Amino acid sequence: MIKDTKEKLSPITVSLHWIVGLTIIALLGVGIYMEQTHAYGLYDIHKSIGVIIFAVIMLRVVWRIINGWPEPASEYKKIEQLLSKLVHYVLLIGSFIIPFSGMIMSGMGGHGIKVFGLELVAKNADPANPYDVIPLNAELAGLGHTLHGWVSYILIGALVLHIAGAFKHHIFDGDGTLKRMLGQKI
Ligand code: HEM
Ligand code: HEM
C-alpha cells in the first residue's frame with residue numbers, strides 16, 4: 001500500500017507529485033507575470049506559497065531517496081528510459097533549487113521572508129528611508145536572483161518534455177504511465 005509497485009503507485013507518491021507539480025506550475029506563471037508587469041501586490045503571496053511548498057518539496061525529495069524511482073510502467077526503448085530519468089532528475093532538483101534560491105534572494109536582499117504575515121526573516125529597513133531596505137549580502141542575493149530565474153526557465157523546458165512524454169505514453173503507446181500517476185491500478 002505504502003510502496004510504489006509496477007502496477008500501482010503509492011498514494012504518497014501520487015499526492016506529493018500533484019500537490020508539488022500543480023503548485024510549481026502556478027508559481028512559475030505568477031513569477032513570470034510579476035517579473036514582467038512589476039505586480040508588487042503578488043510578491044507576498046508568491047513568496048508565502050513558495051516557502052510552504054518548499055517544505056513539501058523537501059518531504060518529496062526524502063521520499064524519493066528512501067523509496068527510489070518507480071519502475072517504468074511498460075517496456076520502452078533504452079534511450080526513452082534514459083531521457084525520462086534525466087528529466088525526472090532535472091524536475092526534482094530544480095524544484096528544490098527554485099524556492100531555496102528565492103529565499104536566499106529575498107532574505108539576503110534585506111526584503112525579509114513572511115508566510116502569510118508570519119515573519120520568518122525580518123526586513124532590514126534602511127533607517128534613512130523606511131520604504132527602502134539594505135541588503136544583508138548583495139552578492140548572495142544577486143546569485144539567488146540569477147539562479148531563481150535561470151533554473152525556472154530550465155524547469156519549464158524539462159516540463160514541456162515531461163508533459164509531452166506523459167501524453168505520448170498515454171495516447172500513442174497506450175500504456176498505463178499516466179493512469180498510474182493518477183492513482184489507478186494498471
Ligand atoms: C500537468 C502536468 C504534469 C503531468 C501530466 C505529469 C505526469 C507525470 C507522469 C505520468 C509521471 C509518471 C512517469 C513514470 O512513471 O515514468 C510523472 C512523474 C514525475 N513527475 Fe510529473 N507531471 C506533471 C507535472 C510535473 C511537475 C510540474 C513536476 C515538477 C516538479 C513533475 C515532476 C515529476 C517527477 C520528479 C516524476 C518522477 C516520479 C516521482 O518522483 O514521483 N511533474 N509525471
Ligand atoms: C517552487 C517555488 C517557486 C517558483 C516555481 C518560483 C518561480 C518564479 C519565477 C518563474 C519568477 C520570475 C523569474 C524571472 O522571470 O526571471 C519568480 C520571481 C520571483 N520569485 Fe519566485 N518562485 C518560487 C518560490 C519563491 C520563493 C520561496 C521566494 C521567496 C521567499 C520567491 C521570490 C520571488 C521574487 C521576489 C521574485 C521577483 C524577482 C524580481 O522582481 O526581480 N519565489 N519566481
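**Helix packing and a nonpolar patch**

User: How do helix 2 and helix 3 pack, what angle and how far apart are the axes?

Analyst: Helix 2 (residues 43-67) and helix 3 (residues 78-108) pack at about 140°, and their axes are 9 Å apart. Keep in mind that this is a predicted model.

User: Left-handed or right-handed crossing?

Analyst: Left-handed.

User: Which residues make the contact?

Analyst: From helix 2: Lys-47, Gly-50, Val-51, Phe-54, Ile-57, Met-58, Arg-60, Val-61 and Arg-64. From helix 3: Leu-92, Ser-95, Phe-96, Pro-99, Phe-100, Met-103 and Ser-106.

User: Back up a bit. What elements does the chain have, and in what order?

Analyst: The protein chain has five helices and four strands. From the N terminus the order is α-α-α-β-β-β-β-α-α.

User: What box do the C-alpha atoms fill?

Analyst: Roughly 65 × 30 × 25 Å, along the principal axes.

User: And how much of the chain is buried?

Analyst: Of its 186 residues, 34% count as buried. The accessible surface is about 11500 Å², and carbon and sulfur atoms hold 71% of that.

User: Surface next. Which residues make the nonpolar patch?

Analyst: Leu-22, Ile-25, Ile-163, Phe-167, Ile-171 and Phe-172. The patch covers about 640 Å². Helix 1 (11-37) and helix 4 (138-173) each give two or more residues.

User: Which helix gives the largest share?

Analyst: Helix 4, with four residues.

User: Switching to Ile-12. Where is it, and what does it touch?

Analyst: Ile-12 is in helix 1. Leaving out residues up to four places away in sequence, Ile-12 touches Ile-2 and Trp-63.

User: How far apart are the C-alpha atoms of Ile-12 and Trp-63?

Analyst: They are separated by 8.6 Å, with the residues 51 apart along the chain. Ile-12 has 30% relative accessibility, so it counts as partly exposed.

User: Last one, Leu-86. Buried or exposed?

Analyst: Exposed, because its relative accessible area is 54% and the cut-off is over 50%. Leu-86 lies in helix 3.

User: How far is Leu-86 from Ala-158?

Analyst: In space, 9.1 Å from C-alpha to C-alpha; in sequence, 72 residues.

How values were computed:
Residues numbered from 1 in each chain as written. Chains lettered and ligands numbered in written order. Predicted model: local features only at pLDDT ≥ 70, side-chain atom pairs only at ≥ 80, totals over all residues. Heavy atoms only, no water. Patch = residues over 30% accessible without salt bridge, like charges linked within 9 Å, V, L, I, M, F, W, Y side chains within 5 Å. Areas by Shrake-Rupley, 256 points an atom, 1.4 Å probe, with all protein chains shown as cover. Salt bridge = Lys/Arg side-chain N within 4 Å of Asp/Glu carboxyl O. Axes fitted to C-alpha atoms, helices over the stretch in contact; angles between N-to-C directions. Left-handed = near helix turned anticlockwise from the far one by under 90°. Contact = heavy atoms within 4.5 Å. Buried < 20%, exposed > 50% of the residue type's maximum accessible area, 1.4 Å probe, protein only.
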